[in-house]
Amino acid sequence: MKLQFTGRHALVLGGSSDLGLELARLLIQEDLIPLLTFRSKAGETRIHERLAQYEGRYQTAYLDFSRMESIQSLFDKVNRNLDFLVDFIHGNLEGLVGSVDTRDAVAYFAENVSARAEVIKRAGRAMLGGKKGRMIFISSIAAEKPNPGQGFYAASKLASEALYRNMGLELGERGISAVILRPGYIDAGRGKRYLDSREPLPSGPKDRMKVLTVKEMAETILFFLSDQAGGFTTTTITMGGSWKKLE
Amino acid sequence: MEEVGMMQNNMEILEKIKQIVADILDLEEEKIGMDTYLIRDLGAESIDLLELAVSLNAAFQTEIRDDDIFLRKLRFYLEEAKTTGRDHHAFLAKQYPFLEDSRIREILNDLNGGAVLRISDLVCYIAHHQQ
């Protein structure tokens with residue numbers, strides 16, 4: 001099946017992650033133009049190294065949710081050229097709800113919920129100009145079934161999901177839709193670190209456990225950005241077939 | 001001469017706004033004038049106002065603060081003025097520096113009629129921010 005896309009400009013938040021880079025590669029191959037955000041010099045370098053063969057076919061921009069001015073400068077760069085938004089960014093705050101320092105919690109929600117709301121708002125307004133747009137938020141199965149210590153992470157994911165869901169709800173009639181994906185374990189980033197830190201599982205469950213690869217996840221996202229997935233709107237999709245096996 | 005120039009500028013702004021509003025609400029431009037109420041007469045909803053803000057921003061290259069241009073906090077400000085014992089007119093004039101005194105008086109006399117936002121308020125906001 002040849003995927004088709006309405007629009008060319010894709011903003012990828014968290015563009016220097018393994019997933020962001022793999023998605024960027026797929027987007028470029030579909031003749032789309034990804035704008036990849038990075039938060040550090042190392043992230044920027046990583047993007048340019050990994051996408052060296054695609055020079056001139058992607059863009060980069062600095063974005064740090066703890067610095068509101070970076071959101072302004074990002075959208076100065078976006079201007080009104082925005083058809084797709086994929087959001088991989090999410091900070092982590094591990095700790096029992098009863099023990100996390102309140103100041104850490106306040107800062108965490110300011111970055112991961114309030115700053116994201118500002119980004120979503122600006123993205124929605126940019127898309128409204130073109131009367132079309134697709135937003136995909138990469139949530140986590142932890143939003144639904146957190147482990148002990150993931151209360152703040154789960155709460156901020158759920159809050160972010162709600163923001164995206166409402167964007168789809170409110171702007172749907174103007175051609176802007178949103179889909180939320182809740183992957184289980186991915187062999188990258190936080191998921192990989194967690195899996196690597198675990199004791200080896202008994203052979204039975206481990207063999208049956210489905211850990212998503214970066215390639216699988218990126219291809220899934222690409223599909224949800226395509227016209228063929230247009231029927232999925234304002235919805236949350238759980239991709240957590242492995243969850244029970246890890247409990 | 002300056003006044004004539006301002007009036008001409010306001011008319012140019014009005015013409016653009018009429019086009020934009022007509023496009024968003026799928027109306028004839030002829031139905032829209034300075035005194036037209038955006039919500040009361042034209043039935044604009046919150047999503048229409050959001051789209052209008054985006055279009056005005058693009059058309060005039062002016063930052064649009066939705067709460068201000070659409071007088072969204074008007075009744076909240078009036079309540080605040082009441083509870084703090086401040087003069088309603090003066091308080092609104094401070095919150096909405098783009099509105100003339102005569103318009104604020106009109107608004108205060110028109111509160112029982114429903115949403116007070118008029119096309120002229122949008123024109124004044126744009127003109128004020130272009131200065």
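Guide: B:D67 is partly exposed, with a relative accessible area of 29%; buried means under 20% relative accessible area, exposed over 50%, and partly exposed in between (1.4 Å probe, protein chains only). This is a predicted model, in which local features need pLDDT of at least 70, side-chain atom pairs count only at pLDDT 80 or more, and totals for chains, interfaces and linings use all residues. Residues are numbered from 1 along each chain as its sequence is written, chains are lettered from A and ligands numbered from 1 in the order in which they are written, and side-chain values use heavy atoms, with hydrogens and water left out.

Visitor: Which side chain meets that of B:D67 in a salt bridge?

Guide: The partner is B:R72, at 3.7 Å from N to O. A salt bridge here is a side-chain nitrogen of Lys or Arg within 4 Å of a carboxyl oxygen of Asp or Glu. B:R72 is partly exposed as well, at a relative accessible area of 41%.

Visitor: Which residues do salt bridges with shared partners join into one network?

Guide: That network consists of A:K131, A:E173, A:R174, B:D48 and B:E51.

Visitor: How far apart are the closest N and O atoms of B:D48 and A:R174?

Guide: They are 2.4 Å apart in that salt bridge. Across the interface of chain A and chain B, the rule finds four salt bridges.

Visitor: And B:E51, is that buried or exposed?

Guide: B:E51 is buried, with a relative accessible area of 3%. The residue sits in helix α2 (residues 46-60) of chain B; helices (H or I, at least four residues) and strands (E, at least two) are DSSP runs, numbered from the N terminus. Leaving aside residues up to four places away in sequence, B:E51 touches A:L128, A:K131, A:R174 and B:I24, contact meaning heavy atoms within 4.5 Å.

Visitor: How much area do chain A and chain B bury between them?

Guide: About 840 Å², 50% of it on carbon and sulfur atoms. Buried area is the accessible area (1.4 Å probe) that two parts lose on being put together, summed over both. A:R80, A:R125 and A:R174 supply 62% of what chain A buries against chain B, more than any other three residues. Nine residues of chain A and twelve residues of chain B take part in the contact.

Visitor: Which elements of chain A give two or more residues to that side?

Guide: They are α4 (102-130) and α5 (151-171) of chain A. The most comes from α4(A), with three residues. By class, the side of chain A that touches chain B has two nonpolar, one polar and six charged residues. Ala, Val, Leu, Ile, Met, Phe, Trp, Tyr, Cys and Pro count as nonpolar, Asp, Glu, Lys and Arg as charged, and the others, Gly among them, as polar.

Visitor: Changing topic: how many helices and strands has chain A?

Guide: Chain A has nine helices and seven strands. Of its 247 residues, 50% count as buried.

Visitor: Where in chain A are A:R25 and A:E22?

Guide: Both lie in helix α1 (residues 18-29) of chain A; they are three residues apart, and therefore separated by about one helical turn. A:R25 counts as partly exposed at 24% relative accessibility, whereas A:E22 counts as buried at 14%.
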